[in-house]
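Take a look, then work through each step.

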Amino acid sequence: MAASTATFKNTATRLSLAMERTNQWVFSQEIPTDLIVEVGGASFNLHKFMLVAKSNYIRKLVLDKKDGTELERIDLSDIPGGAEIFEKTAKFCYGVNFEITVHNVAALRCASEYLQMNDKYCDGNLAGRTEDFLAQVALTSLSGALVVLKSCENLLPLAEDLNIIQRCVDVTTTKACNEANFPSRSPPNWWTEELSILDICFFGKVITSMKGRGAKGLTIASAIITYTERSLPDLVRDHSGSNAIKQESSSIRVQQRELLESIVALLPPDKAVFPISFMCYLLRTAIFLGASNSCKVELEKRISSILEHVTVDDLLITSYTYDGEKLFDLESVRRIIAGFVDKEKNVAVFNGGDFKEVCSAATQRVGKTVDAYLGEIAVHSELSISKFNGIANLVPKAARKVDDDLYRAIDIYLKAHPNLDEIEREKVCSVMDPLKLSYDARLHASQNKRLPVQIVLHALYYDQLKIRSGVDDRKAPDAISTRNQLQADVSLAKENEALRTELLKMKMYITDIQKGGSINTQGTTSAATKGPKKQTKFFSSMSKTLGKFNPFKHGSKDTSHIDDIGVDLTKPRRRRFSIS
C-alpha cells in the first residue's frame, strides 16, 4: 500500500511538472489557446492549428464535429505512454526540441501511430523520426535493444503490431549469441545479466529465438539460471527461515508460481546442461509454491537423468521446508531415485548385462549418496518405517559393496525412534544385508543393543564362519562366497536329515524281519523261499538311495560297491552331523 501511494505521488508530481513546462512554452505564443487536451489526470491548453498540422487523428476529430460548435476539449487518456509522452508529441507539433532516447523511442513511435503523425500526412513527421532513431541508434547494440524491448511491456498490442518487439528480439538474439561465442568484455556472461531485466514473456521470446538460431544448450542454460536467480531470489537460494518467504501474500505466490512454470517450460531438451543443485532448488520451489504436476514431473525427470552427480545436500534441498526443520513429502525423492534406477536397468538390459548381479559405477555412487541421505533424514520422528524402507529398497542390492552406510542410517533411525518394538526394528533392519558389513561395522553391530537379536546373531555367525575358515576377518568380506557357503551348509544339513530318516526306516524294517522269525515252519519256509529275493531288492534300493547322500561318493572313500549282505544292519553306527 505504501509503495502504491508513493508511486501515485510520483506520477502526480511528474504530471504537474509536465503541465507547468507545457504552459511555459505554450503561453509564450501570442495567440490564445483554443483546445484542452485531457490525458489521464493532466490537462493541456493547446492550439488546434498547431496540432492539426502534424496529427491527422486530431484533424479528423476537429472536422467531424457535426453540431456546428467548436471543438474545445478532447480526451486522449488511452494514448500510449500517457501524459509524459503526449507532452513530447505536443512539443514536436510546436517545433520545440526534446530528446529521443532508448527509453522513450518505442512509446513515441506508438504515440505517433496512435495520433497518425506519419510521413504520409506530413513530411518529416514524428513516426519517421522515431523509426530512424530505432534503426540507427537503439537497435545497434544489445543493451539498447533490451531497453527498448523492456519499454514495450506497457505498449502492447501496438508495439507488437508495429513490429518493434520482433525487431528487438532479433537484435537481442544475434548480439547475445555473438557474445556467448566471442565475449567482448568481462565477465563473459555479462549479457545474461542484461537479459534479466525483461519480463518473462519477452525473455521467453528471446530464449525461443536463440534456440531457433541453434544456440548451445549451455548458453541457454546460463541465461535461464541468471534470470531465475534474479526473478526468484528468495526461493532459488538458500535463505533458511526467511521472514519474507513466510509473509508473502497469496497473490504474490500466484505470480511466482506462474513465473516458475514459465521458466521450466523454457528449459532446453538437453538435461545435462544444468547443475543438479539448480534443478533441486527449482523442484523445492515448485513444491513450496504448489506448481502444477506437469512442472514437478518435468523437474523430477531432469534430476533423475543426471542423478549420478547428486550430493547429499542436493537431495536435502528437495526434502526440507525453507525453515529447514520439517520434511516435505518425500515422494519426489522416491520418484527421482526410482527413475534413475529404471534408466540404469534399461541400459544394462540393452548392453546384455545382469542388473541384479553387476551395477554401473554411477549406480554405486547413487547408492552411497542415498544411504548417506537416509542417515540425514533418519533423525526426524515423523519419518515412517515404510518411507524409510521404501527409499532404501530402491537401490539395487548389487549397488552396495558394503552396507556400512546403510547400517549407520538404520542405527540413527532406531536411536531417533526408541519406542519401536522388536518386530518393527526387524522391519527397519530388513533392508540391510548383515553379511555385507565390514569388520568394524560387525563389531559395532554385535554390541548394539538397539538392533534386533536376529541381526546380532547374523553378525556373530559371520565372524564364527570366518574364524573357522581361517580367513583374516579384518579384510573386506566377500558376501557372495559367504552366502554360498551358508547355502552349502544348509543343503548339507538337509541331506543329513534325509539320511537319518532313511536309516531309521531301514532299522524298523530289519526289526520287523527279526520278529517274523518266530512264525511257524511252513510260514518260515515260505518266507525263506521268497525273503532273500525281496530282501535283496530292498537293500539294492536302499543302497541307491544312500548313494545320493554319500558325501564321499566321488572321493577315495567311496563305499557304494560294498555288498549289502556283509553289512551289520542291526546296529547302524550313529554319526553326529553338525553345521556349527
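The bridge partner of V37 in strand β2 is F44. This is a predicted model, where local features need pLDDT of at least 70, side-chain atom pairs count only at pLDDT 80 or more, and totals for chains, interfaces and linings use all residues. Residues are numbered from 1 along each chain as its sequence is written, and side-chain values use heavy atoms, with hydrogens and water left out.

**Exercise 1.** Find how β1 and β2 are joined.

*Solution.* Strands here are DSSP runs of E with at least two residues, numbered from the N terminus. Locate β1 at residues 35-39 and β2 at residues 42-46. Five bridges join these antiparallel strands; two strands pair if DSSP finds at least two bridges between them. Next, look at the turn: two residues lie between the strands of this hairpin, and G40 has a positive phi of about 65°.

**Exercise 2.** Find the strand that runs parallel to β1.

*Solution.* Go to β3, residues 73-75, which three bridges join to β1. Here V37 has I74 as its bridge partner, while E38 stands opposite D75.

**Exercise 3.** Work out the strand order of the open sheet.

*Solution.* The edge strands β2 and β3 each pair on one side only.

**Exercise 4.** Sort the residues of β1 by face.

*Solution.* In a regular strand, side chains alternate between the two faces of the sheet. In β1, L35, V37 and V39 make up the covered face, and I36 and E38 the uncovered one.

How values were computed. Buried means under 20% relative accessible area, exposed over 50%, partly exposed in between (1.4 Å probe, protein chains only). Helices (H or I, at least four residues) and strands (E, at least two) are DSSP runs, numbered from the N terminus.
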